[in-house]
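We will go from stop to stop, picking residues and looking at what surrounds them.

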Amino acid sequence: MVADAGTPEPVPRVGDAGAWCGQCGEARDDAAGHDRCAARAELEPPRFCVHCRRRMRVQVTPGAWTATCSRHGSVERSTWS
Amino acid sequence: MHGMTAQATGTDILDVAREQVLGRGVPLTKEQVLDVLRTGDDRLQDLLALAHEVRLRYQGPSVEVEGIVSLKTGGCPEDCHFCSQSGQFTSPVRSVWLNIPELVRAAKQTAATGASEFCIVAAVRGPDDRLMEQMREGVAAIKAAVDIEVAASLGMLTQHQVDELVDMGVHRYNHNLEAGRSFFPRVVTTHSYDERLDTCRMVKESGMELCCGGLVGMGETLEQRAELAAQLAELEPHEVPLNFLNPRPGTPFGDLPPMEPADALRTVAAFRLALPRTILRYAGGRELTLGDLGTRDGLLGGINAVIVGNYLTTLGRDPREDLALLDELEMPIRALGETF
Ligand code: SF4
Ligand SMILES: [Zn+2]
Ligand SMILES: [Zn+2]
C-alpha cells in the first residue's frame, strides 16, 4: 500500500507539507488557523491530500494508518511504539 | 421495591445499590439507574468505588483486551447520525476495503498486545454475499495464523447468515442498540429498533456471545440514558461496549459538545450497577471525553474491558500506555478462553 518505489521523483507524497490542511481540507494559510486541526491530528488520520485537497482513501488498523491520494500516492504511519 | 425510586422511599440510592447489587447481585432497575445518574458530583467518588466493588465481586480483577479493525470502511447506506461512515452525510471518510493479508497482520498485531479478542467490522446495513465470502476467507486465515478469538460486527443478519458465522467459528457478534428505544428514532431513521433487536436475539439463540451496547452523549435525556441501560440489561448480553459520542465532522451530531467527564464516569458506574455480571467495555470516545485521568477512574469505576490501539476510523492511545495502566492497577489481562 506504500507509494510504489518506481514513481518518478517530482511527485510529492501525501505526508509532505503542502498547501492544504490534511484534517479539514482548507487552505493552510487560512487566517482562521488550524490549531484545532493540529490537536485533532493526535486522534485522527488525515482525510485530505495536502497537495491537491482530494479526499483520500484511509485505512485504519489497530497499529497503523494508510492514506492514499489517487494522484499523489500513499503514506503509512505506525501508531504503536 | 422494584420501580420505587429513592426519593419515594427516602433512602439513599447508593445505600440501596450497595445492598441490592453488591449484596444480592440484583441489577438496578431503570428508575434506580436514573436516580444514580442524578446524583451530584459530590457523590461521584463513592459511586465509582461501589461500581468497582460490584465489578470485582461479579467479574473479578481481570480486564478483557480487544482489537478492532474495519474490513469495509465508509459508504454505508444507513443514516446513524453519530457515524462518519454513513454515505448519507458529507463526512470526509471514503469507502475502502482491507485485504486478507492486512487483516491477518492486524490480528497478529492485536494478539501481540496480549489481547484475547479481535473484532472484524464492516460499515454495512447487513452483509451481502461478497462480504460473507471475505469473512469466510478472512476468519479462516486468522485462525490458521493467530491464537485469538474472532468476533464480528456486520450489521443486521438473516438467520442463514447467523448460521454461517457460527460455522466459520466466529464466537461473538456485536450489534449495538445504540440508544434507548424512545431516543432511537432521533438517531437512526433507515432501520428500526425492532430490526436491531431481531438480530440481537438471533445471535443469542445461535450460541454466539452477544456484544451489545450503545452511545451516550448524543443529546438524550437522563431518562433515555437509563432506558438504554435497562433495555441492555433485559437482553443480557455477554458484553456491553459503552461509547461516548465523538462528534464527527459532517454528521448530524457533528456539532454536539463532547460529554463532561463527570457525566461520563457517572454513566459508567450506573451501567455497571445495571449490568453487574456483564463485560463492560470502554469503546469509542474515551480519549476525547475522559483523557488519561478519566480512563483510570473508569477502570476503577466499573469498566473491565478495553479496546487496544486504533478504532475504525479514528486513532486510539498507544497500547503501551493502556497496558502499563492495567499493570499499575494490578488488573491482569484476561486470558484466551477465560470466563466467569
Ligand atoms: S449501520 Fe453502522 S456503519 Fe452504517 S451508518 Fe450506522 S453505525 Fe455507521
Ligand atoms: Zn485544518
Ligand atoms: Zn493529492
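Select R296(B): its place is in helix α11 (residues 286–299) of chain B. Helices here are DSSP runs of H or I with at least four residues, strands are runs of E with at least two, and both are numbered from the N terminus. R296(B) is partly exposed, with a relative accessible area of 26%. On this scale buried means under 20% relative accessible area, exposed means over 50%, and partly exposed is in between, using a 1.4 Å probe and protein chains only. Show its contacts, meaning heavy atoms within 4.5 Å. Leaving aside neighbours within four places in sequence, R296(B) touches L325(B), E328(B) and L329(B).

A note on the model before moving on. This is a predicted model, in which local features need pLDDT of at least 70 and side-chain atom pairs count only at pLDDT 80 or more, while totals for chains, interfaces and linings use all residues; side-chain values use heavy atoms, with hydrogens and water left out. Residues are numbered from 1 along each chain as its sequence is written, and chains are lettered from A and ligands numbered from 1 in the order in which they are written.

Now draw a distance from R296(B) to S86(B). Their C-alpha atoms are separated by 32 Å, and the two residues are 210 apart along the chain. S86(B) is one of the residues surrounding ligand 1. A residue counts as near a molecule if one of its heavy atoms lies within 4 Å of it. The shell divides into 6 nonpolar, 1 polar and 1 charged. Here Ala, Val, Leu, Ile, Met, Phe, Trp, Tyr, Cys and Pro count as nonpolar, Asp, Glu, Lys and Arg as charged, and the others, Gly among them, as polar.

Stay in chain B and pick E239(B). Its place is in strand β8 (residues 239–244). Is E239(B) buried or exposed? E239(B) is buried, with a relative accessible area of 0%. Beyond four places in sequence, its contacts include E64(B), R172(B), C211(B), T278(B) and R281(B).

Switch to chain A. The chain has 1 helix and 3 strands, running α-β-β-β from the N terminus. Of its 81 residues, 38% are buried.

Center on the zinc ion (ligand 2). Which protein donors does it have? They are C21(A) (SG), C24(A) (SG), H34(A) (ND1) and C37(A) (SG), 2.1 to 2.3 Å from the ion. Donors are N, O and S atoms within 2.8 Å of the metal (3.2 Å for Na, K and Ca); water is not among the atoms, so sites may look incomplete. The spacing along the chain is C-x2-C-x9-H-x2-C. H34(A) and C37(A) are both buried.

Last stop: the zinc ion (ligand 3). Its protein donors are C49(A) (SG), C52(A) (SG), C69(A) (SG) and H72(A) (ND1), at 2.1 to 2.3 Å. They follow C-x2-C-x16-C-x2-H. The arrangement is tetrahedral because the 4 donor atoms subtend angles of 104 to 118°. C52(A) lies in the loop between α1 (35–40) and β1 (57–61), and H72(A) in the loop between β2 (64–69) and β3 (73–78), so the pair ties together parts 20 residues apart in sequence. C52(A) is partly exposed at 23% relative accessible area; H72(A) is buried at 11%.

Key: Four donors count as tetrahedral if all angles lie between 85 and 135 degrees; four count as square planar and six as octahedral if opposite donors are over 155 degrees apart and all others between 65 and 115; anything else is irregular.
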